[in-house]
Amino acid sequence: MAQYLALTYTADVDWWAPEQADELAEYRRFGVEYADQVKASAVLHPTATATVVRVEGARGGPVVTTDGPYAETKEALTGYYLIEADDLEAAVKIAAEIPAAWGGAVEVRPVIVAK
């Protein structure tokens with residue numbers, strides 16, 4: 001089985017807020033339905049909590065950090081699922097069931113497993 005990372009891009013909200021309860025329930029339903037294929041998942045805090053790290057020049061150069069989101073966007077990276085599937089087509093079918101795909105986007109990328 002190959003592994004695929006499904007990155008979810010949705011509205012940048014606090015998923016634990018009461019007004020998100022119905023949508024969060026859909027994500028939980030997805031997690032239960034695909035428990036055998038989902039090997040890991042997480043919800044990210046809103047982008048306002050993010051810190052962007054850059055090293056100027058190269059390794060050992062000055063470390064520069066920026067608080068908050070890097071760019072304003074309608075959809076932000078809000079979570080991920082690590083999926084096991086036979087191939088990309090099977091991974092895409094699973095990703096289409098993630099609620100983020102219904103009003104946002106899900107980016108599916110194969111994972112390189114270190115040897």
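Modeller: This is a predicted model, in which local features need pLDDT of at least 70 and side-chain atom pairs count only at pLDDT 80 or more, while totals for chains, interfaces and linings use all residues. Residues are numbered from 1 along each chain as its sequence is written, and side-chain values use heavy atoms, with hydrogens and water left out.

Colleague: Over how many bridges do β1 and β5 pair?
Modeller: Strands (E, at least two residues) are DSSP runs numbered from the N terminus, and two of them pair if DSSP finds at least two bridges between them. β1 and β5 pair in the antiparallel sense, and the number of bridges is nine.

Colleague: Which strands stand at the edges of the sheet?
Modeller: The open sheet of four strands, with antiparallel pairing, runs in the order β2-β5-β1-β6. An edge strand has a single partner, so one side of it is left without a neighbour in the sheet; the strands placed this way are β2 and β6 (105–110).

Colleague: Which residues of α1 are buried, and within what arc do they fall?
Modeller: Buried means under 20% relative accessible area, exposed over 50%, and partly exposed in between (1.4 Å probe, protein chains only). In α1, the buried residues are Leu24, Tyr27 and Phe30. Seen down the helix axis, with the arc taken from the directions from that axis to the C-beta atoms, they line one face of the helix, because they fall within an arc of 110°.
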